[in-house]
Amino acid sequence: MNSPAPDTGIPVSPSLTPTLEAAHMRPHSGPNKTRLLLLSLLAVLVGAIISGLGKLLVLLIHAVTNLAFFGELSLANRSPADNTLGLWVLAVPAAGGLLVGLMALYGARGIRGHGIPEAMEQVLTNQSRIRPIITVLKPLSAAISIGTGGPFGAEGPVIATGGAFASNIGQLLRITHTERKILLAAGATAGMTAVFGTPLAGIFLAIELLLFEFSPRSIIPVALACLTGAAGHHLLFEAGPEFAMPHVTTPSNMALASYSAIGLAVGLLAVGITKGLHWLEEAFARLPLPWVLHPALGGLAVGAAAYVVPQVLGVGYYNITGLLSGSWPMQTVLLLGTFKLVAWSLSLGSGTSGGTLAPLLTVGAAAGALLGGLIMQVWPEAGVMLPLAALVGMSALFAGASRALLTSVVFGIELTGQSYALVALLGACTAAYVVSYFLMDHTIMTESMARRGVHTPYSYEPDALEKLTVGQVLRPGGLTLSAENTVGEVRQWLAKQETSKIPTHFVVVDAEGRFQGLVSFVEIYAHQPNLSAPLHTLIRQHPTPVLATDSLRTAISHMARANVDVLPVLEARNRLVVKGVLSYQEVLGALRTRLHEEEAREVSYSLRNKGIRILLRGQQLLQVQKFRNR
């Protein structure tokens, strides 16, 4: 290509069909399936190890329980409610809380809290990095807290331990922070599945609370880890549903309406519990005592509650089974639900090591049973079954507090094996979710993070840039500079252009139209003693090109990596031919248009439509014609 005189303008490639030198480019690549396979295998290994760690944690809780309440060295599963300590029961949870506080002071403050929120925060703020000491101290502190009567379940600490273990494995390997996030979620949900035997709920939990994405690269490893955890549950724990209950039949429409009403009421309870718990956390923080003593104070409250209702102590899975049986007296249900809620809120609010899942299930089941009993008294024709009322209350409280809707529905079915409860659970959990969404800005999992300024994604809508392709926004024409031009010629041509329309980078082609790279505006005007030097001597960047079928998200990623504002676009059929030049202004313009379309409100159909008026007029004429024919 011959260069014209400087006063006639700089030569451009008007057809934009230069060939691309493959030697300068990285090939376009899709998902790395080899790394996905390796990550999946690693997730299976982590799931197997976490299953064993979950069993060890449960045995450690049994050992601490037997030592603290019965003075025996035993791994037998005994309920702390059967103790005969009398008033001394007040001291046991307080002593456990003091030990947890000392472990947090001299070990790691990260052992305090629920378990799931801490894992979420590490995913959002620390690239899924968890300190190794958490992997050791979290299960130990949880065993001490629960074993000395803390009203928590084992699943929360197992989730935290599984996530911490998987995170540390990920930190030892050369993987990306996204892969480490997936591994963390796999370890956490494998731990929950190992304890409860709920693999499908574990997958949904990862999607709704940990991954903040839905893609094959994340679902496959997590699903395999949960399946491994389920196998570990069947091998290491008892077979069958975790909470056995009477068989339920398909409810009638009136019963379904009643269960949905229970969900609305339990949703209000979830809002109150969430706000009350975080109010207690702030109240403890304002106490004129060192924070290391707060768990002991919370433990003292647990002991006081246990002196009245001993069943609030410990894991209390047998309480959930009893509530789901529908055979407990309403007075017992009321006392258990009330005192469990008080003991759990005060203990967790004090900053001890615990969890939220089992206490929410217990309180929700009690609330559902009470509301179901009330409906049976007021409206017996509704056909409400007390065990199913307890089940929907249990799941609805978790749905309202965490807003993990799908997890809550599936969790209730997998925990009890009651597939006929699906529609009732869906109605109640949706009702609780709606109440929670409209009355709370944050959930029981995210409130503390929000107060520390950590934003948690709350929706998983398709990315607008992911839905648009490069070809959809690529404008006809474009600008490429010839590598044969001198620096002086380029400067003279740029001096005649409007400054606002000049990009910061230019696509450069050789005499045969082959892509050479990008040259920046700054480099063109940088100190250059030889203005007769060819333009290709200034080329420093060779960004990855894109195809017309690539998404704008891919294009933006390439621009960001190369720190440029334009990219060459290749034809889909011939990947050596440049089809055009994509600029970031075109990407922003497309995004602006898409956002406007999503926010625009318009009526697609109207009764005032001319075609409809003609149709109505035609019907009228037809009727008149028939009348006249008569």
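Me: How are helices and strands picked out and numbered here?

Reply: Helices (H or I, at least four residues) and strands (E, at least two) are DSSP runs, numbered from the N terminus. One case is helix α6, residues 177-196, where Lys-181 has its place. This is a predicted model, in which local features need pLDDT of at least 70, side-chain atom pairs count only at pLDDT 80 or more, and totals for chains, interfaces and linings use all residues. Residues are numbered from 1 along each chain as its sequence is written, and side-chain values use heavy atoms, with hydrogens and water left out.

Me: Is Lys-181 buried or exposed?

Reply: Buried means under 20% relative accessible area, exposed over 50%, and partly exposed in between (1.4 Å probe, protein chains only). Lys-181 has a relative accessible area of 13%, so this lysine is buried.

Me: Which residues is Lys-181 in contact with, leaving aside its neighbours within four places in sequence?

Reply: Contact means heavy atoms within 4.5 Å. With those neighbours set aside, Lys-181 touches Val-123, Ser-128, Leu-210, Leu-211 and Glu-213.

Me: Now the sheet, please. In what order do the strands stand?

Reply: Strands of a sheet pair through backbone hydrogen bonds, either parallel or antiparallel. Two strands count as paired if DSSP finds at least two bridges between them. Here three strands form an open sheet, ordered β1-β2-β3, with mixed pairing. β1 (480-482) and β3 (515-520) stand at the edges with a single partner strand each, so one side of each is left without a neighbour in the sheet.

Me: How many bridges join β2 to β3?

Reply: Five bridges join β2 (residues 505-509) to β3, and these two strands run antiparallel. If you look for Val-509, you will find its bridge partner in β3, Phe-515.

Me: And how many cavities are there of 30 Å³ or more?

Reply: On a 1 Å grid over the protein atoms alone, a cavity is a set of points where a 1.4 Å probe fits but cannot get out, and lining residues have an atom within 4 Å of a point. Grid points are joined across faces, edges and corners, and a volume is the space filled by probe spheres set on the points. By this rule there are two cavities of 30 Å³ or more.

Me: What lines the largest cavity?

Reply: Its lining has 13 residues, with Pro-93, Gly-97, Ser-145, Gly-299 and Ser-347 nearest the centre. The largest share, four residues, comes from α10.

Note on methods
1 Å grid on protein atoms, 1.4 Å probe; cavity = no way out; pocket = protein on both sides within 12 Å on 5 of 7 lines; lining within 4 Å.
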